[in-house]
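The sequence and the structure come first.

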Amino acid sequence: MMNTQELAQELGHPGAQKLLSGSIARLAYNGHDGFPRVIPVGFYWTGERIVVSTASTSPKARALSSRPEVALTIDTGSTPEEAKALLVRGLATLETVDGVTDEYLAAARRSMDGPQLAEFERTVRSTYKQMVRISIEPQWARFYDFGAGRLPVFLANLINDGQSDSGGQ
């Protein structure tokens, strides 16, 4: 996959850190029928792992218990100049906990406070008797900032090759 130093460098990039402070990612995993799935999920970055919390009866919890390999993308921007993306591949570890995971509530605290947060917490505590903490250990990561020219290698090569071809005419 990627060595520890390279991984830390990608995840530690200020743009990657900003994306990791967000709340929504797209999680890809293999379903029990063998077909891939990509679903939006709430997440919480602990500084070492990406944590997704879900109901113990969810299809993703069932599928990940037998095939823990995942990919995530966290992205932003509505134009090519604004587009930023963090791609992560990793291994998921599942743990069933009684009640609501701490990370689920910590993620909610980022976007709510006061009465709204209290009501949210009451609702989720009455809804979930158990949750599954899906703790994703990154094995590979890459941060792209398209507006700043931090591009996938194949795209940067394509652009550079196109510029060198047109430069001689």
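In this predicted model, strand 2 (36-42), strand 4 (50-55) and helix 4 (102-111) each contribute at least two residues to the lining of the largest pocket. Helix 4 gives the largest share, five residues. The lining has 17 residues, and S23, G42, F43, Y104 and A107 lie nearest the pocket centre. By class, 11 of the lining residues are nonpolar, four are polar and two are charged. The space in this pocket is about 220 Å³.

Nine salt bridges are found in a search of the whole structure. The table gives some of them.

| Salt bridge | N to O distance |
|---|---|
| R142 and E10 | 3.3 Å |
| E95 and R133 | 2.7 Å |
| E119 and R122 | 2.9 Å |

R142 pairs with E10. E10 is buried, at 8% relative accessible area, while R142 is partly exposed, at 28%.

E95 and R133 also meet in a salt bridge. Because E95 belongs to strand 6 (residues 84-98) and R133 to strand 7, the pair ties together parts 38 residues apart in sequence. R133 counts as buried at 15% relative accessibility, and E95 as partly exposed at 42%. A network of salt bridges links E95, E103 and R133.

E119 and R122 lie three residues apart in helix 5 (residues 114-127), so about one helical turn separates them. E119 counts as partly exposed, with 41% relative accessibility.

Terms used:
Residues numbered from 1 in each chain as written. Predicted model: local features only at pLDDT ≥ 70, side-chain atom pairs only at ≥ 80, totals over all residues. Heavy atoms only, no water. 1 Å grid on protein atoms, 1.4 Å probe; cavity = no way out; pocket = protein on both sides within 12 Å on 5 of 7 lines; lining within 4 Å. Points joined across faces, edges and corners; volume = space filled by probe spheres on them. Helix = DSSP H or I, 4+ residues; strand = E, 2+ residues; numbered from the N terminus. Nonpolar A, V, L, I, M, F, W, Y, C, P; charged D, E, K, R; others polar. Salt bridge = Lys/Arg side-chain N within 4 Å of Asp/Glu carboxyl O. Buried < 20%, exposed > 50% of the residue type's maximum accessible area, 1.4 Å probe, protein only.
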